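Subject: Structure handover

Hello,

Here is the structure I promised to pass on. Please open it first, then read my notes below.

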Amino acid sequence: MSGFPDCSTTDCANPALHFDGECRWCSKWFCGRHKENVQTHPCFDGHRPERIFGGPRPNLDSLVEKYLEKLDIELIIAEVELLRPGHACTINKPSSWSELQKLVGGCNYHIVIVFDDGRRWVMRVRKIGMSYQHLDALRLNLDSEFATVSFMSEQCILIPKVWARPATSRLPTDLLYFYQEFVPGVSAFEVLLWVNPITDPTIKLIRSYAEYTLHLEKITFDRVGSLHTRPDGMISVGPLIDRRPPFLQPPHFHGPFDTAKQRYLAIIDLRLEQTLRGERYPPSLELLHYLILLDLRTYLNDHCPELEEGPWYIKHNDENGNHVMMEKDGTINGVIDWEWTYITCKAEAFAAPSCMLGALIDRDPNILSSRETALMEAYRALDRTDLAEYVKNGRKYHHLHRYLFEGVVYPKGLTGMRRAFLDIPEEQDNEPKTIKEWIRDGIKRHGDKQAVKDLVARRPDSKLIRAFNQPDGSVHKDSKKRKLKTDGSLVAASRC
Ligand SMILES: [Zn+2]
Ligand SMILES: [Zn+2]
């Protein structure tokens, strides 16, 4: 059992596709042979059941009920009071999905613990069923987050303290969790993303953020990957914990790596191999993604010397704005949600957090947002023009991340990514305007490779076009369920 769904087609034992394996209409999972086959998947021909976007998924209630059963409040109180001797605590156990959902993040449930002196902790519990990965992989994922926060809270301001599950815990062993100081305040999400023009609290928030990153800058690492606790209790850089494990079987994750370039090339090369084996993308998307991955390989090899320049720095990997808790005047109270944090080169680590881009990247991919400009000004005011330069030149990392880990593909994004990596300032007249044109140009660049020839032969062009002419438009899942009117050329698939 890999924890990842198998194809739902009767008598098919293949795992589902790594990317876009789940149909957004019927919610069934498919392998490459059966997803785009009308016989096995009627949705592919337009026969789609009605689906309500944004609501809880049908199986969610039962999933939550399972968690509620595991949350033995008496046992939790006993072990928390052991971790903080001399203080009694109380916990209000959520009794239903509607009560719990106030405390639900994308990949975790949170139970608030209140001590007799008013201090609060949260019990951060990983969701299991929703993440589609093996329990061992999820355990590594949780252990890495714990090691990261534990290490960073000792070294840096604004990061909450954490406590591991006690060795004597009697809670179910498949309940994956740790305890963390509660960080009060409101999320920076709204201030950063939706308030225009920039207000004083936003400016204050961005200045505070710049000062906080100066503390991060003092902490360097000797390798690239994610933090883990070694058997001797020391914390060091180990395998890279991705949102989705790259391997369905142990060891689930790869790395650590000597350089950030090695890290990215390992991810890209694995995806190229999976694509050729028909395991990664639906058939109609294979050639497109193969060409994008080949382009990325060239960009990283020929245009990113900084990816080989250590020492290495920490990068938060869920910078959606909800990770910064603040007072309404912009004072930062803490930075949370360190799941999937990785170590990388300085240029990537100090590019602006993605929440400072807002929706601008969809429209004008390479124009600096007013928030990025404010961050550059904040660094200059701190006499750190070097860090301001990382912000100015950071867009290639936003594109790289959006493509590799959020699965976002659209013509402007692809041409924007190309210009960002090749340092081309302006839009070019001869740039492809559609995915079809983009594939045509990609074949010109890479058509001499046998693998590309094989993929072209595998899917005739008419099928490729069909894939980008779906009449419904797509849902950009990482934009807080905004439904984008697209020309049928936006493809997004992201799951933690
Ligand atoms: Zn379907
Ligand atoms: Zn199948």
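Start with the hairpin. β2 and β3 form it, with 4 residues between them. In that turn, G118 has a positive phi of about 90 degrees. Strands here are DSSP runs of E with at least two residues, helices are runs of H or I with at least four, and both are numbered from the N terminus.

Some ground rules. This is a predicted model: local features need pLDDT of at least 70, side-chain atom pairs count only at pLDDT 80 or more, and totals for chains, interfaces and linings use all residues. Residues are numbered from 1 along each chain as its sequence is written, while chains are lettered from A and ligands numbered from 1 in the order in which they are written.

β2 covers residues 108–115, and β3 covers residues 120–126. They run antiparallel and are joined by 7 bridges. Two strands pair if DSSP finds at least two bridges between them. N108 stands opposite R126 in β3. β2 also pairs with β1 (residues 89–91), again antiparallel, over 3 bridges. There, T90 has V114 in β2 as its bridge partner.

Next, an open sheet. Its 3 strands come in the order β6-β10-β11, with antiparallel pairing. β6 (186–187) and β11 (332–335) stand at the edges with a single partner strand each, so one side of each has no neighbour in the sheet. β6 pairs with β10 (residues 324–326) over 2 bridges. S187 has M325 in β10 as its bridge partner.

Now two helices. How do α7 and α8 cross? The axes of α7 (residues 260–276) and α8 (residues 283–303) come within 10 Å and cross at roughly 155 degrees. Axes are lines fitted to C-alpha atoms, for helices over the stretch in contact, and angles run from 0 to 180 degrees between N-to-C directions. The two helices are therefore roughly antiparallel (over 145 degrees).

Which residues meet? In α7 they include Y264, L265 and I268; in α8 they include Y290, L293 and L296. Contact means that C-beta atoms, placed from the backbone, lie within 7 Å.

Finally, the whole protein chain. It has 17 helices and 12 strands. Of its 496 residues, 39% count as buried (20 or more other C-beta atoms within 10 Å of the residue's own, all placed from the backbone). Among contacts between residues at least 6 apart in sequence, 61% join residues at least 24 apart.

Best wishes

Technical notes
Parallel < 35°, antiparallel > 145°, perpendicular 65-115°, else oblique. Contact = placed C-beta atoms within 7 Å. Buried ≥ 20, exposed ≤ 12 C-beta atoms within 10 Å, placed from the backbone.
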